[in-house]
Structures are given as structure tokens and as C-alpha cells.
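Hello,

Here is the structure for your files. My notes on what turned up follow below it.

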Amino acid sequence: MIDDSSLTAEMEEEESPATTIVPREPPKIQRLEESVVNRIAAGEVIQRPVSAVKELVENSLDADSSSISVVVKDGGLKLIQVSDDGHGIRREDFPILCERHTTSKLTKFEDLFSLSSMGFRGEALASMTYVAHVTVTTITKGQIHGYRVSYRDGVMEHEPKACAAVKGTQIMVENLFYNMIARRKTLQNSADDYGKIVDLLSRMAIHYNNVSFSCRKHGAVKADVHSVVSPSRLDSIRSVYGVSVAKNLMKVEVSSCDSSGCTFDMEGFISNSNYVAKKTILVLFINDRLVECSALKRAIEIVYAATLPKASKPFVYMSINLPREHVDINIHPTKKEVSLLNQEIIIEMIQSEVEVKLRNANDTRTFQEQKVEYIQSTLTSQKSDSPVSQKPSGQKTQKVPVNKMVRTDSSDPAGRLHAFLQPKPQSLPDKVSSLSVVRSSVRQRRNPKETADLSSVQELIAGVDSCCHPGLLETVRNCTYVGMADDVFALVQYNTHLYLANVVNLSKELMYQQTLRRFAHFNAIQLSDPAPLSELILLALKEEDLDPGNDTKDDLKERIAEMNTELLKEKAEMLEEYFSVHIDSSANLSRLPVILDQYTPDMDRVPEFLLCLGNDVEWEDEKSCFQGVSAAIGNFYAMHPPLLPNPSGDGIQFYSKRGESSQEKSDLEGNVDMEDNLDQDLLSDAENAWAQREWSIQHVLFPSMRLFLKPPASMASNGTFVKVASLEKLYKIFERC
């Protein structure tokens with residue numbers, strides 16, 4: 001009997017041919033030809049046209065040039081021409097000028113750790129000759145003519161030819177990557193490569209402000225980069241990147257002389273919160289060498305991400321100087337990166353300083369202003385007014401009775417008094433902006449979410465909330481500012497009703513509530529000159545004196561001023577910690593809190609404010625103390641009428657020139673224009689003060705009221721709101737007529 005399994009195995013052996021594996025011999029190592037080696041090395045050093053421009057510009061800087069000009073064609077693939085006014089190249093150096101590893105910068109390896117020049121390898125020009133056609137024209141000091149020579153594959157194509165030349169050196173690189181087809185095809189976007197070259201020259205120009213740079217396309221008349229020698233780097237930034245960047249920069253400095261070896265100096269400029277961009281720009285120089293540092297860039301972006309609005313990136317220029325032995329510059333083929341000793345510590349110190357600088361300087365922001373064409377919007381509003389309110393499709397629209405039709409709303413500037421008034425020729429404050437712009441700025445700077453944990457402050461805030469009048473709250477949230485009726489009352493419209501609103505009472509209550517909500521979280525207004533408390537309080541006492549001619553009270557006033565000064569000095573720590581009112585050890589007032597953004601109180605009322613703090617605050621009880629200080633701040637920041645009389649109406653008489661008899665005044669009134677008899681400087685100050693107040697009422701007070709104010713019930717009966725007209729009642733009156 002035959003075994004099936006053995007038979008099957010024999011058949012398979014017969015069908016499949018025998019295969020034998022021959023061991024493969026190791027490939028033979030060969031020495032590459034020098035031209036191949038050089039071309040491979042050239043591809044590493046000259047990666048793009050901008051790499052060639054960087055090497056040539058750095059050579060020009062090493063040649064002590066004061067002017068560098070760059071001309072580019074087709075993004076640098078057709079032509080790169082770099083001209084400078086440096087010391088030039090000696091004729092006897094031409095034969096080895098473009099050989100690899102020939103340089104005038106160092107002679108031994110140890111020189112790497114004490115180099116002050118940009119170049120050191122002697123590879124840049126040699127690499128260019130292996131991937132392009134290079135022509136050098138140069139003249140040195142004392143020569144009557146220059147020399148021109150062309151290079152290919154590291155050697156001269158001909159002997160140097162005498163030619164006319166200007167001081168310095170001109171290097172032309174033509175047909176870049178002509179023998180590297182794959183590389184050339186990947187670089188067909190000339191606009192992208194030219195943009196990189198412009199960016200490189202822009203960065204160089206702001207650091208080397210003692211050198212003038214220019215960069216233009218071949219055949220173009222206007223340069224895309226044009227910088228001149230400037231006394232400061234900020235001027236260079238303004239010249240290269242524009243005024244919009246330079247005006248939003250802050251200077252930052254860090255230095256360290258740590259005994260552990262972390263020694264460095266950094267100076268530069270960083271953008272503030274007003275700068276808005278979608279891309280981070282980090283211009284970093286280490287020992288005057290343009291480099292990149294991704295770790296430092298990430299550290300700075302982390303700080304800005306916590307400070308700036310979303311989608312906003314910083315502009316940063318930094319120059320870091322370290323001992324040369326602490327920097328390894330020989331770690332990258334194109335030298336765009338370096339290695340630092342104690343790099344983590346240096347980055348951490350710079351990050352901390354940038355964070356401190358941003359937090360201290362981020363008290364205010366500037367917002368773009370938009371001019372509103374009031375008459376245009378009024379006409380548009382009149383055309384678009386419709387008595388029919390929109391309803392979802394499928395439902396019948398209900399016609400609104402004409403006597404209940406609201407003619408304006410809180411979001412539309414149409415219908416205000418300003419739309420019908422001719423503007424005065426005098427220059428009013430240039431803060432005219434639309435209500436929507438100011439609203440957005442207020443919303444972007446809301447109060448801090450964290451409130452103080454003190455129970456007394458929480459009780460005061462809860463008292464404000466519990467006393468809120470719901471009807472007035474609805475009115476304040478949805479009212480429309482119409483205009484000022486007199487020095488104290490403003491006209492506001494809510495639905496079909498017209499009210500007189502006391503802006504002094506409203507602003508005082510708003511400031512009081514904001515002080516409680518911002519408790520211990522204030523930004524600060526820094527006074528340019530610290531003001532002595534004793535003099536300010538004494539000034540307030542003299543202003544309150546009804547009998548200023550009585551000298552016997554002067555000693556009493558001085559004693560009161562001295563006692564109040566000592567009291568406020570004792571409470572200085574508490575005032576600064578909770579209310580940002582800074583009083584130094586010399587009893588000088590130097591800082592005040594910011595209660596509302598875009599609003600600065602009337603500094604003429606500082607003496608009254610300090611006297612109120614000294615006399616009217618119950619310092620022994622915590623809750624009463626906080627309430628008294630908040631009330632004093634609210635009264636100080638309230639929008640009182642300016643101390644100078646209103647120049648419109650009868651107040652104009654206050655500004656007539658003094659020292660004239662009544663007869664002379666009557667003669668002047670009869671024969672000379674009234675304007676010639678006015679103190680124009682004082683009149684101008686008064687007009688500006690009153691115009692500034694009205695602007696603040698319309699664009700700061702009312703938008704902030706709609707967001708933050710919770711009107712107490714007492715305002716419904718104390719004359720803060722007075723209804724003066726109702727559309728329904730007016731229709732009834734007119735119907736009788």
C-alpha cells in the first residue's frame with residue numbers, strides 16, 4: 001500500500017525547480033570625483049536664492065561696507081547682483097577666491113570661538129560657482145581701476161581683466177541651479193523667493209542701522225527695501241516696516257551676569273496690545289548674526305497668547321550678546337541656527353521680562369476710529385422707516401399705530417441732535433468715533449471676572465443688585481442718547497418717551513458700582529509729576545472757605561491738612577492694594593485708578609477728592625470704609641461740569657479781558673467786534689473742556705451705562721430721570737388742535 005503523503009511530496013519536488021541563493025558581495029566604496037562632492041556640498045549651502053543673497057550680504061558686512069545694494073531677477077534664478085562699498089578684494093587673491101575652504105576670517109579651529117565676522121567656512125562663493133555663473137568686479141583703495149573675473153566650478157575662467165569700477169565689490173550670480181534641474185523646477189515661484197529676499201534685507205536693515213540697504217527687482221525704478229543710516233533702531237524699524245509698527249513698540253532689556261556662567265545682554269522692541277497681525281515676526285540677532293530660534297519664538301508666543309486677542313501675533317526684535325565662547329555657530333549648513341550655553345535659562349529670563357513688560361504696559365488699548373456720516377444715515381433711516389414689524393414667513397404682519405411708532409433705536413445714530421447741527425469751525429477733540437466702535441472697545445475690556453473675596457465687598461455688591469429698579473434698568477439698557485439739554489441734564493429717548501437724565505447722578509452711581517466690581521483689580525493712571533498731599537488738601541480747604549480774607553483760619557487749615565496727610569499716609573498700603581491709589585513715603589500722590597476705559601477724570605477735582613478721603617471715610621469699620629472710599633472715588637470720577645463756565649450763552653462774559661472800565665467796555669462793544677475783547681486762550685481751554693465732557697458723556701458714559709449700571713430705586717424719585725414728553729400724549733394734544 002502506497003502512502004499518499006509521501007507521493008504528494010515527491011510530485012512537488014519534481015515540479016518545482018531547485019533554487020540556490022548566491023551570497024551578494026558588499027558594494028565597493030569609491031572615492032567620488034571632486035566635482036560631484038562640490039556640487040553636493042553646494043546644494044546644502046545654497047538651498048534657495050535667498051541663501052545666496054544672505055551669504056553675499058554677510059560678506060559685504062564683513063568688508064566694512066556702509067551701503068549694500070541688491071538687484072534680483074526672476075526671484076534670483078536669473079540674476080542676483082550684490083554691490084557694496086567695502087574694502088574690496090586684492091588682485092593676488094583672485095585665483096583662490098572661489099576655492100572651497102579659502103577664507104580670510106580664521107586660520108585655525110580655535111578661532112571659531114572668538115570670531116566676530118559673519119563668514120568663516122569659505123564655502124559660500126565656491127558653492128555658488130558649482131551651481132551658477134559667478135562674476136566678480138572689485139577695486140581696492142588706492143587702485144586706479146578695478147578688475148573683473150568670472151568663475152565656474154571654483155576656478156577662474158580667464159585672467160582678471162582691468163575695468164572701470166566704483167569703490168567696493170560687485171558680485172553677479174547668474175542662472176542659479178542651471179545644472180540642478182530638479183531643484184530649479186521646485187523654485188519656479190519667483191514671487192515667493194523674491195519675498196523671502198525682501199524679508200531678509202528688511203531684517204538686516206533694522207539691526208545694521210549704520211548701513212544703508214536697498215533691494216529692487218531688475219529693471220524696476222522703485223526699491224522694495226530702502227533704508228538709510230539712522231541714529232536709532234526704532235527709526236530703522238519705522239523706515240522699513242512703517243509707522244504703524246513703530247508706534248506700537250515698547251523697548252525691552254534684559255541682562256545677566258550670573259556667576260554660574262549665564263552671562264548675556266538683550267535689548268530690543270516688542271509690540272504692545274495695539275499691534276494686530278496674523279503672523280508672528282521675530283527678528284533675532286545673536287552676536288550680530290541673524291538666526292532663528294524656535295524655542296524662543298514659542299516662549300514669546302505663549303506670553304502674547306495670554307495677553308492679546310485671538311488671531312493677533314506679535315512683532316519682536318531682539319539683539320542678544322553673549323561671550324563668543326558661549327555660542328557655537330557651526331551647527332547648520334546655512335548658519336541660520338546657533339547653539340547657546342544655558343539656552344533654557346536665557347529663554348526663561350527673556351520670557352519673564354516680556355511678560356512683565358506686557359502686563360505693566362497693557363492698561364490701555366487704542367481702537368480704530370470710524371467717522372459717521374450723520375446726515376447720510378439720517379436720510380437713510382428716514383427712507384427705511386417702516387410701520388410694519390417683520391414676522392416669520394406665513395404669519396400676517398401687524399401694523400403698528402402711528403402714535404406708538406418708535407422713531408429711533410439705541411444702535412442707530414440717526415435721530416440725534418448732532419445730525420441737525422452745523423459743526424463749529426473750532427477744532428473739537430479728534431475722538432469722534434461711532435457708538436458701535438466704542439461699544440466694542442468697552443465689551444473687549446470688561447471687568448475682571450475675579451472679584452475680591454472680602455465679605456464686606458460682596459455685601460456691598462449684593463446691596464447694589466438688590467436695590468436695582470427693574471423699570472429704570474430696562475430704560476437704561478435700551479435708551480438712545482439725543483443730546484445735552486443743559487450743563488447737567490441730557491435728553492434720552494426710550495421707546496416713545498423722552499426723558500431728562502441727570503448725567504452727574506448717573507455717572508456718580510456708575511463709578512461707585514464700577515469701583516466695587518473692580519475692587520483690587522484696577523489698572524492705573526500714572527501722574528507725570530507726583531503731587532504733594534498737604535498742598536492739595538490745603539488748596540481744597542481754601543476753595544471751601546467762604547471768608548478767604550480771614551488769615552486767622554490759615555493755621556487751622558494747615559493743621560487739618562497735616563492731620564489728613566498723616567491719616568492717608570497710614571492708609572496708603574490699603575489704598576494702593578484695593579483701589580490703586582498710590583501714595584509714596586514722601587506723602588505724594590502718584591497713581592490713580594482706571595474706573596472706565598477711555599475716560600480720565602477732571603484733575604482739577606483731585607484736591608476735593610483727597611479732602612473727602614480724609615474727612616468723610618469711616619476708617620475703623622471695614623464695610624463702611626470700603627463704601628466711603630468707593631463713594632469718594634465715584635464722586636471724583638463723576639462727569640461734573642467743568643470748573644470753567646460754559647462759554648455758550650451768558651457764560652461768555654466770564655472770558656472778557658480784565659482791567660477795563662465799563663466805559664471802555666461799552667466803547668468796545670459799540671466799535672469793535674466782541675471777539676477782540678475775549679481772552680482767546682482761556683476761551684479755547686473752556687471750549688475744549690466742555691466739548692471733551694460732552695464727547696465722554698455720549699461715547700463713554702452711555703455705552704458703559706447700558707452694559708454695567710444697575711440704577712437704584714431712589715433714582716425713580718430723586719429727579720435723576722424726568723419724563724418730559726410722550727408720543728402718545730403729543731398725538732392727543734395735536735388731535736385736539
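Of the 737 residues of the chain, 45% count as buried, where buried means under 20% relative accessible area, exposed over 50%, and partly exposed in between (1.4 Å probe, protein chains only). This is a predicted model, with local features needing pLDDT of at least 70 and side-chain atom pairs counting only at pLDDT 80 or more, while totals for chains, interfaces and linings use all residues. Residues are numbered from 1 along each chain as its sequence is written, and side-chain values use heavy atoms, with hydrogens and water left out.

The chain has 23 helices and 23 strands. Both are DSSP runs numbered from the N terminus: helices are H or I with at least four residues, strands E with at least two. Contact means heavy atoms within 4.5 Å. Among contacts between residues at least 6 apart in sequence, 71% join residues at least 24 apart.

Helix α3

Helix α3 covers residues 49-62, 14 residues in total. From first C-alpha to last, α3 reaches 20 Å, close to the 20 Å expected at 1.5 Å a residue. The expected span is 1.5 Å times one less than the number of residues. In α3, 13 of the 14 residues are buried, so this helix is largely enclosed by the rest of the structure. D64 follows α3 and has a positive phi, near 60°.

Two helix pairs

Two packed helices are described by the angle between their axes and the distance between the axes. Axes here are lines fitted to C-alpha atoms, for helices over the stretch in contact, and angles run from 0 to 180 degrees between N-to-C directions.

Take α3 and helix α6 (residues 190-207) to begin with. Their axes come within 9 Å and cross at roughly 25°. That makes α3 roughly parallel to α6. The cut-offs are under 35 degrees for roughly parallel, over 145 for roughly antiparallel, 65 to 115 for roughly perpendicular, and oblique for the rest. The crossing of α3 past α6 is right-handed. A crossing is right-handed if the near helix is turned clockwise from the far one by less than a right angle, and left-handed if anticlockwise. On the α3 side the contact uses P49, V50, V53, K54, V57, E58 and L61. On the α6 side it uses D193, K196, I197, L200, L201 and M204. These residues of the α3 and α6 contact divide into nine nonpolar, no polar and four charged. Nonpolar covers Ala, Val, Leu, Ile, Met, Phe, Trp, Tyr, Cys and Pro; charged covers Asp, Glu, Lys and Arg; the others, Gly among them, are polar.

Now α15 (residues 503-517) and α22 (residues 680-708). They pack at an angle of about 55°, with axes 11 Å apart. That makes α15 oblique to α22. α15 passes α22 in a left-handed crossing. From α15 come V503, V504, L506, S507, L510, Q513, Q514 and R517. They meet R693, I697, L701, F702, S704, M705 and F708 of α22. The contact of α15 with α22 has nine nonpolar, four polar and two charged residues.

Single residues

V722 is in strand β23 (residues 721-726). V722 is partly exposed, at 34% relative accessible area. Its C-alpha is 6.6 Å from that of A501, 221 residues apart along the chain. Not counting residues up to four places away in sequence, V722 touches L498, Y499 and L500.

L234 lies in helix α7 (residues 233-241). L234 counts as partly exposed, at 23% relative accessibility.

N523 sits in the loop between α15 and β20 (524-532). N523 is partly exposed, at 21% relative accessibility. The C-alpha atoms of N523 and S580 are 7.4 Å apart, and the two are 57 residues apart along the chain.

S580 is in the loop between α18 (572-579) and β21 (582-583). S580 is buried, at 11% relative accessible area. Its phi is near 60°, a positive value in a residue other than glycine.

A587 is in the loop between β21 and β22 (588-593). A587 is buried, with a relative accessible area of 10%. Phi of A587 is near 60°, a positive value in a residue other than glycine.

Best wishes
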